[in-house]
Amino acid sequence: MGGDLFVEYLVGVSPKIDRRLHGFLDCVPEGSPLHRYLYSILDEFIARGGKRVRPAMTMLACEAAAGDPDDALASGCAIEFFHAAALIHDDIMDASIMRRDQKCAHILHGEPLAINAGDYALGLVCTIVVRDDRLEDATKLAVLDAIGEMSARTVEGQALDVGWVRDDVYDLTPADYLDMALGKTGYYSGIAPLKIGGIIGGATDSEREALEGFGRGSSIAFQIQDDLLNILGEERTMGKDRLTDVIESKRTLMVIHCLTEAEPRDRERLVALLRLGHGKSREQAGEIVELMERYGSVDYARSVARGLIREARSYLDVVRDSPARQVLSSMADFFLERER
């Protein structure tokens, strides 16, 4: 089956998601100062595309719990706005240049307006849920609680990701990376969308736990694949800068594995290169990639990602059999097969 079934689902549901996303930003007249300085910036960023995975999985989880997937559309869009804000702010923190085949928002509009657009996207998240007339008040509270947890865990993961680089932390284990990735990516790219979709669809407690378990493993695998693409992928295919993680000296799973496995002389060289931070050349970044390949760190990361997907898929056995469950299973393969 692979990821084809999920790709077909995305193609079918993305236009509906896009219409809803843009509808939330159709608030002021075109050409007005607010449109120019705020709404058009965020609307243009949303219009660049993106896979719409998070709204799609929210709707799928709702359907897998025998609910109406349209009931989960708005909440899925709320998570997508959280994602947009995270990307805009991350690009500023990481000094990135390209995002989704175009210059980053802070390059096009300046950092102040880009930060402000990201802040507005964050503000929309809870507002969308509170004003969703398809949800009962008790359901809204449960969704907002999940969103609050998602927000806190994401910021915690980002703090570790950035803090390890700032403080020259090198004595890390793969378990440290998995904890960081669970926070940075796992909650808003897997656990929360599936949990929220299950809540809205009326899933049983066991089904909710299963959906969360599936989201946990598959989303961390998603992050590992993202890290792999950053060093092995093609910029034209990915639509964003290549080797940025290496330039920024991020503690990816490959870097941590290499630090653990490398012989003393090579480890010392790797640490010296990492300490250069943004000051390293593309050639020096390439040397880091060569070290990771020499010590099997790339293959190790691929193996961990595959194991996480196998574990994640096992949770779906608890979810009632349905076409939606089959699409979710396909999504797990898509996370490993994607090229951008």
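## What α3 packs against

The buried residues of helix α3 pack against α1, α4 (73–93), α8 (174–201), α9 (205–232) and α16. Buried means under 20% relative accessible area, with a 1.4 Å probe and protein chains only. Helices here are DSSP runs (H or I, at least four residues) and strands are E runs of at least two, numbered from the N terminus.

Helix α3 covers residues 53–64. In α3, 11 of its 12 residues are buried. Among them are Val 53, Arg 54, Met 57 and Cys 62. Just after α3, Ala 66 has a positive phi of about 75 degrees.

## About the model

This is a predicted model: local features need pLDDT of at least 70, side-chain atom pairs count only at pLDDT 80 or more, and totals for chains, interfaces and linings use all residues. Residues are numbered from 1 along each chain as its sequence is written, and side-chain values use heavy atoms, leaving out hydrogens and water.

## A bent helix, α2

Helix α2 (residues 33–47) bends by about 45 degrees at Tyr 39. The bend is the angle between axes fitted to the seven residues ending there and the seven starting there. Tyr 39 is also buried.

After α2 comes Gly 49. Its phi is positive, near 110 degrees.

Conventions:
The expected span of a helix is 1.5 Å times one less than its number of residues. Buried means under 20% relative accessible area, exposed over 50%, partly exposed in between (1.4 Å probe, protein chains only). Contact means heavy atoms within 4.5 Å.
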